Amino acid sequence: AGEVPRYLVQLTNEQRYAVVVDTSKSTLYVFENDEGKLHYLTDYYVSIGKNGIDKYREGDNKTPLGVYHVTSWLSPAQLESKYGNASGLYGAGALPLDYPNAWDRREGRNGHGIWLHGVPFDTYSRPPRASNGCVALTNEDLLALTKDVQIGLTPVVIANGVDWVAPEANALMRQEINRQLSSWRKDWESLDTEKYLHHYAADFSSGNGGLKQWAAHKRRVNARKKWIKLKLDNVSIVLYPGRDDLAVVTFDQDYSSSNYKKQMRKQQYWIREGKGWRILHEGAA
């Protein structure tokens, strides 16, 4: 009572809710975000993959562990139109997740179609391990959950056991990562490219390759700049389940320079190295 999952380090004011699935207890928890303070709202019984957790490849019938977001809502009519007779397996509807995320792809995990969904209408609930990898709720609970899910905003953390902490315990982690993020921003603005690149891990990767390619690109681009201004808003920080050294940091980035402007929603994976944090992955959210 009164504790929160340690993964939910910081949510934006837009993120009114957060979802945490404890696969070890077949339970999905919903938390409400009240101006940065998390409050337990409710929980639901769930069924997971028939072969357990830690999905790695297509067809292994396992539920992935990680940090995800709901991408859409599929009604029974939409499911029937897309999947025909098979749509009955999902009952009252489905909330698809963005598996595999950037970390999954980096780790070589594949597969698709991981959802939060209902059960056949002639069934109330399913055994604890009965899905092909999805998280299944009773139809009644799924419909209740949809009221607390914001498409693209609500984080869904799937963990094998929840690490519960007092709310103030997350404050130190929140301050530490925000300090590193602010330092990264200031070093980028300074046009000191080598200082800026120091924020990236040796095994950093992005859609354009590794650190070597990233560094060459940044040196080339920054050489043509006279000034850079960077504004970061709506920062969320979610720790990866099962680790205390990996954080998913997402924010709105407003970039302007002497010859270019761009606004985007960005996502970074930060890893703890020694006493500090460095960026392992960076890309559009």
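Arg 6 has a relative accessibility of 18% and therefore counts as buried; buried means under 20% relative accessible area, exposed means over 50%, and partly exposed lies in between, with a 1.4 Å probe and protein chains only. The model is predicted, with local features needing pLDDT of at least 70 and side-chain atom pairs counted only at pLDDT 80 or more, while totals for chains, interfaces and linings use all residues. Residues are numbered from 1 along each chain as its sequence is written, and side-chain values use heavy atoms, with hydrogens and water left out.

## Salt bridges

Side chains of opposite charge can pair when their charged atoms come close. A salt bridge here is a side-chain nitrogen of Lys or Arg within 4 Å of a carboxyl oxygen of Asp or Glu. The whole structure holds 13 salt bridges.

| Asp 163 | Arg 6 | 3.2 Å |

The partner of Arg 6 is Asp 163. Asp 163 lies in the loop between β12 (155–159) and β13 (164–165), and Arg 6 in the loop between β1 (4–5) and β2 (8–10), so the pair ties together parts that are 157 residues apart in sequence. Helices (H or I, at least four residues) and strands (E, at least two) are DSSP runs, numbered from the N terminus. Asp 163, at 37% relative accessibility, counts as partly exposed.

Asp 203 has a relative accessibility of 44% and counts as partly exposed. Arg 106, at 27%, counts as partly exposed too. In the pair of Asp 60 and Lys 55, both residues are buried.

## Nonpolar cores

In soluble globular proteins, nonpolar side chains tend to be buried together. A nonpolar core is taken as a set of buried Ala, Val, Leu, Ile, Met, Phe, Trp, Tyr and Cys residues joined through side-chain atoms within 4.5 Å. The largest such core has 71 residues, and those with the most contacts inside it are Leu 28, Leu 145, Trp 184 and Val 249. Strand β16 (residues 228–239) supplies the largest share of this core, seven residues.

What does Val 249 touch, leaving aside residues up to four places away in sequence? Its contacts (heavy atoms within 4.5 Å) are Ile 177, Leu 181, Val 235, Ser 236, Ile 237, Lys 266, Gln 267, Gln 268 and Trp 270.

Helix α3 covers residues 139–146 and contains Leu 143. The buried residues of this helix are Asn 139, Asp 141, Leu 142 and Leu 145. Seen down the axis of α3, they fall within an arc of 160 degrees, so they line one face of the helix; the arc is that of the directions from the helix axis to the C-beta atoms. Their cover includes β3 (17–22), β4 (27–34), β5 (37–45), β8 (94–96) and β9 (115–117).

Leu 143, by contrast, counts as partly exposed, at 40% relative accessibility. Not counting residues up to four places away in sequence, Leu 143 touches Trp 73 and Ala 92. Leu 143 and Gly 118 are 25 residues apart in sequence and 8.5 Å apart in space, C-alpha to C-alpha.

Together with Trp 73 and Ile 151, Leu 143 forms a nonpolar patch on the surface, with about 250 Å² of accessible area in total. Patches are made of residues with over 30% relative accessible area and no salt bridge, where like charges are joined within 9 Å and nonpolar side chains (Val, Leu, Ile, Met, Phe, Trp, Tyr) within 5 Å. The areas come from the Shrake-Rupley method with a 1.4 Å probe, and for residues only the protein chains shown count as cover.

## Backbone details in loops

The peptide bond from Tyr 99 to Pro 100 is cis, with omega near 0 degrees. Pro 100 lies in the loop between β8 and α2.

Asn 61 has phi near 55 degrees, a positive value in a residue other than glycine, and sits in the loop between β6 (48–49) and β7 (66–69). Leu 191 has phi near 65 degrees, again a positive value in a residue other than glycine. Leu 191 is in the loop between α4 (169–189) and α5 (193–197), and at 25% relative accessibility Leu 191 counts as partly exposed.
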